[in-house]
Amino acid sequence: MNEAPLSHRSRGSRMGWGAAVVGPALLMFVIGWTPGISFTEDLGRHLLLGNIILDEGAIPDTNRLTYTCPDFPFVNHHWLFQVAVAALYERVGLNGLILLKAFGMAMALALALWAARAAMVADPESNAPQWKAALLWGAGILSAVTMGFRAHIRPELASFFAVGVLLFLFEGIRTHRGMLWKGLLWRGAVALVLLAWVNSHIYFAFGLAMVGAFALERCLIDFSMKSVARELVWFLIVSGACLLNPNGAEGLLYPFQILSNYEVNITENSTLWALWGQ
């Protein structure tokens, strides 16, 4: 007599959690699809530099767009994004880029929300408290709206997507703990993500921080010499992947030095306290 109601509740719970992932992702797609916020910042510069790299077969090491100081050294930490955007533009045009951007942002948010759902509900069949699903809904909508303010076709799109993929991979590592080969595949995928990220956007440094935090979590769960050594070696391998960029160690350390290379204040690099004072 009680099996049917339980089954209905379980199915309703799964649908509620699924909607908490899909709903905000669809909102993100709609926001990202808005043409007016897709190309108002920097797209021309990235298309130009991407075409230069494709034409010359080399990555410029000086700032080609500085008229008064043409020989100023420049670490291009998003060359891979520029090449990809330039190549895609030739094939799908601006409208195609907007559509791909919207889809990528929606997928990034969906992956992040899926990972959060998996962390909040260990057993998808369980009748988890609905306030958790509501919390995920709220976090997803807030994230979509916040990301919407940065929905331009810019290299940081690579960071949005990489964060979602990393969270997805971390959950895969948790799920396949104790399975040697599957675990190695998931951990290897993390290194590949950082390899692409370091050549696409400077926020890869946050990716390294995410890997470090996850490695620490694994050590705290299984605090043993074997576990600590495994996580340390993995973190060093991922860090080594970040050295595979055109500038090597300089490119790896560049995120920690870039703020010293400004002659004027940049609003997006200001702290909350500095903005509040204005």
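What follows is a working chat about the predicted model shown above.

Biologist: What does the secondary structure of the protein come to?

Modeller: This is a predicted model, so everything here is computed from it. The protein has 10 helices and zero strands. Along the sequence the pattern reads α-α-α-α-α-α-α-α-α-α.

Biologist: How much of the protein is buried?

Modeller: Of the 278 residues, 39% are buried.

Biologist: On to charges. How many salt bridges does the structure hold?

Modeller: The structure holds 10 salt bridges. One of them joins R154 to D42, with the closest N and O atoms 2.9 Å apart. That pair links distant parts of the chain, 112 residues apart. R154 is in the loop between α4 (130–148) and α5 (156–175), while D42 is in the loop between α1 (3–32) and α2 (43–56).

Biologist: Is R154 buried or exposed?

Modeller: R154 is buried, at a relative accessible area of 10%. The cut-off for buried is under 20%. D42 has 29% relative accessibility, so D42 counts as partly exposed.

Biologist: Which residue forms a salt bridge with R150?

Modeller: That is E156, and the closest N and O atoms of the pair are 2.9 Å apart. R150 is partly exposed at 24% relative accessibility, whereas E156 is buried at 8%.

Biologist: Where else does the side chain of E156 meet a salt-bridge partner?

Modeller: At R154, with an N to O distance of 3.9 Å. The cut-off for a salt bridge is 4 Å, so this pair still counts. Both E156 and R154 are buried.

Biologist: Which residues are linked in the network, then?

Modeller: Salt bridges link D42, R45, R150, R154 and E156 in a network.

Biologist: Changing topic: helix α8. What should its residues span, and what do the end C-alpha atoms say?

Modeller: Helix α8 covers residues 225–242, which is 18 residues. At 1.5 Å a residue the helix should span 26 Å, and its end C-alpha atoms are 26 Å apart, so the two values agree.

Biologist: Which residues of α8 are buried?

Modeller: The buried ones in α8 are S227, E231, W234, V238, S239, A241 and C242. They lie on the same side of α8, because they cover an arc of only 155° around the axis.

Biologist: And what does the face turned away from the buried side carry?

Modeller: That face of α8 carries the exposed residues M225, K226 and L236.

Biologist: W234 is in that buried set. What is its relative accessible area?

Modeller: W234 has a relative accessible area of 6%, so W234 is buried. R187 lies over the face of W234, at 4.6 Å from the ring centre.

Biologist: Now the rings. How many aromatic pairs are there?

Modeller: The count comes to six aromatic pairs. One of them is F29 with W33, whose ring centres are 5.2 Å apart. The planes of F29 and W33 are at 55°, so that pair is tilted. W33 is partly exposed, at 46% relative accessibility.

Biologist: What about F214 and W234?

Modeller: Their ring centres are 6.0 Å apart and their planes are at 75°, so F214 and W234 make an edge-to-face pair. F214 lies in helix α7 (residues 204–221) and W234 in helix α8, so the pair ties together parts that are 20 residues apart in sequence. F214 is buried, with a relative accessible area of 3%.

Biologist: Which residues do ring pairs link into a cluster?

Modeller: W114, F168 and W186 form that cluster.

Biologist: Loops next. Where is N199 found?

Modeller: N199 is in the loop between α6 (180–198) and α7. N199 counts as buried, with 6% relative accessibility.

Biologist: What lies 3.2 Å from a polar atom of the N199 side chain?

Modeller: The backbone oxygen of L244 lies at that distance, 3.2 Å from the polar side-chain atom of N199.

Biologist: Last one: S159. Which helix is it found in?

Modeller: S159 is in helix α5. S159 is buried, with a relative accessible area of 4%.

Biologist: How far apart are S159 and F204 in sequence and in space?

Modeller: S159 and F204 are 45 residues apart in sequence, and their C-alpha atoms are 7.0 Å apart in space.

Conventions: Residues numbered from 1 in each chain as written. Predicted model: local features only at pLDDT ≥ 70, side-chain atom pairs only at ≥ 80, totals over all residues. Heavy atoms only, no water. Helix = DSSP H or I, 4+ residues; strand = E, 2+ residues; numbered from the N terminus. Buried < 20%, exposed > 50% of the residue type's maximum accessible area, 1.4 Å probe, protein only. Expected span 1.5 Å × (residues − 1). Arc of directions from axis to C-beta. Phe/Tyr/Trp six-rings, centres within 6.5 Å; stacked < 30°, edge-to-face > 60°. Lys NZ or Arg CZ within 6 Å of the ring centre and 35° of its normal. Polar contact = N/O pair within 3.5 Å; in protein donor to acceptor, adjacent residues only side chain to side chain.
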